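Welcome! Please take a look at the structure below, and then we will walk through it together.

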Amino acid sequence: MKKNKSFLMLLSATMGVISLTSLIGAFMLRSTEEKKGAGSVLILICVVSILLLLLEAFIFRNQTAKYTTKLASQLIRTQRDSMLHFPAPCVILDSDETIMWYNRLFEKQVYSEDSYGDHLENIMNIDLERAFEEDGCQICVNKRYYIAKAVRTDLKNGLSMVYFKDITDYTELRYDAYQSHNSVIIIVIDNYDAMMSDIRDTEKAHVAVEIEKLMESFLEGTNAIAKKISDDRFYVFMEERYLSRKIENRFRILEEARQIRIGGKSNVTLSIGVGREGKGLDECEKLAKQALELCQGRGGDQAAYRDNGEFRFFGGVSTGADNNNRVKIRVFAETLLEIIRPGSIESIGNYRADGDAGQGFRRVLIMGHRFGDLDSVGSATGLCCALRKLVSECYVVVDKEKNLARSLIDYIDDNEDLPYYITPQQGLDRLDSDTLVIVVDTHNPELVESREMIERAKNIVVIDHHRRMVNGIEPLIAQCLEPGASSAAELVTEIIELWGDRTTINAYAAEALLSGIMLDTKYFVMKTGVTTFETAAFLKKMGADTIAVKQMFANSIETYHEKSKVINSAEIYRGCAIARADGSFANVRVAASQAADEMLGITGVFASFVMYKQGDFVNISARSMGKFNVQVIMEALGGGGHLTMAAAQLKTDIESADRQLREVIDDFIKNM
């Protein structure tokens, strides 16, 4: 405006000078006789022009200025009224985000008290940095929901305006739609056929009634419906508003089921798969089946659901049922034989991942987990001995320098004519399209002896007794995951026994397998079922010498001393023995695991943990008598295992690991 005004003044002055100059010129022209008439006309024109300039300068311009001032005043009043009656609550903030002004709707809907001079973040929970972003930020004030957006109104003085868009109706509608979303829950009674086969008819009726009551109790207080599709399987359709309560109480139905006693010696356990993230019932059912499969693969007696792409588990405090049903093992044994030698059984299946139908494998490579123990190396050795009669080449891939079964490896090397063990690099050199890789005693790709072999191999089979984990080795052409088995050696022994006269093993391989069973059962004390004794009897029949096996467990005097130090350092914390080991000791893994085993013999101890630091990591060996599920405890620290034996590795110092372990124990006991 100032520039325009200056320009107008300059223009007027210029016009005045030109008019005066023209008037003087006109008088000079009129003074001559020849141009007297033209000069008079020109004088008249100049006088009229000067008069018009004077009128414009003193009359019209004043009126224009008055009109402009009036218009500006109206605009300011309109702007003020618009802000005051803005159709959404809004506030004006200074550079310190202090409230300078607010409109009537803000006072009426958002904050009714006098808020002049208050900091906006003191009267509501708002993230002002996000409010300046394009999408704003969502806030809740007085049980109403708003999208708060902020804009800069005066950069020089740092003023900004925040206005609030009321989305309460939309939010409540969306929340109600979410709460009404139907989930699919599949509830299966674990080991139902075996459980009902050994009881009287009156007890069967009692169990059936108790299970019906259990389901009625589960649905009580909800509008869910349940459909019994078989004696041991129920489908439940439940809205999210009720399912979230079941999750909050950690599926109490699991504990209630365990209270149902059968024949005074066993109880009922359930596996529950929940599908809640699917867009429709079909997707929810698919997710529920995946969760149920994981539950059963982890030994049952637990519930699982997927939350933001990750599975969460509850329960799992019971030991898995004894693997006394051999049908599944028999089917796998026949399948594995068909994979290696097509046509061995009456099957037309093609298992090769490369689609080379009708072809077996010329070579088999077997490996266990890193730092292999007697179960890992023993089961691989026994299987290798059996398969050498069926394929051209078969080896066990193991790092002899980094394992806990050196006594077994030396024993086999000293007594067998042909070499059994090759290094991971030698395994990679032999790996081709005609090679089958069998992984035993683990299905975790992070724990295998050679991760590179797993990544390069196209045909992989897994034999494992650990509870199923979420991200296991994939893809597989066959698998045998039996958490009910005591050990991988027990599973391998069953498979070899089921192959009958098609192959056999010698006494050394039988002793290798027996050492694995004895290690994981703690000399037939822990997780020992009927099948365990049957497989041990088979191995004894194959020539296994128990004295030779016992010698594989022998330790050096240094290891005994270190084990004693570990036990002496133990502290009892909420029924758990927690001890520390010296990570610099060469045989610390053996000493730590054996110390953890022995601490279970302390009165009042239900689980034991031994920690030791190696490099940047703290390793934890965990053992349990069964009352505490150390698998769940170690999983909370990023590890794994099974109910009575598990481990974890933390990248931290020993003090932090100790603190984290105690916190996880607290949570576990709290949720028992």
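The largest nonpolar core holds 59 residues, and Ile366, Leu387, Leu436, Ile438 and Ile463 have the most contacts within it. A nonpolar core here is a set of buried Ala, Val, Leu, Ile, Met, Phe, Trp, Tyr and Cys residues joined through side-chain atoms within 4.5 Å; buried means under 20% relative accessible area, exposed over 50%, and partly exposed in between (1.4 Å probe, protein chains only). Helix H13 (residues 374-387) gives this core its largest share, eight residues. In soluble globular proteins, nonpolar side chains tend to be buried together.

Before going on, a word on the model: it is predicted, so local features need pLDDT of at least 70 and side-chain atom pairs count only at pLDDT 80 or more, while totals for chains, interfaces and linings use all residues. Residues are numbered from 1 along each chain as its sequence is written, and side-chain values use heavy atoms, with hydrogens and water left out. Helices (H or I, at least four residues) and strands (E, at least two) are DSSP runs, numbered from the N terminus.

Now for the strands. Six of them form an open sheet in the order E16-E15-E14-E17-E18-E19, with parallel pairing; two strands pair if DSSP finds at least two bridges between them. At the edges are E16 (421-422) and E19 (478-481), each pairing on one side only. E19 is joined in the parallel sense to E18 (residues 460-464) over four bridges, and valine 462 stands opposite glutamine 479 in E19.

Next, find strand E11 (residues 270-275). It is largely enclosed by the rest of the structure, because six of its six residues are buried. Leu270, Ile272 and Val274 lie on one side, with Ser271, Gly273 and Gly275 on the other, and both faces are covered. E11 pairs with strand E6 (residues 182-189) in the antiparallel sense over six bridges, where isoleucine 187 has isoleucine 272 as its bridge partner. E11 also pairs with strand E12 (residues 302-307), in the parallel sense over four bridges; here serine 271 is partnered by glutamine 302.

Helix H1 (residues 2-30) contains isoleucine 18, which is partly exposed at a relative accessible area of 45%.
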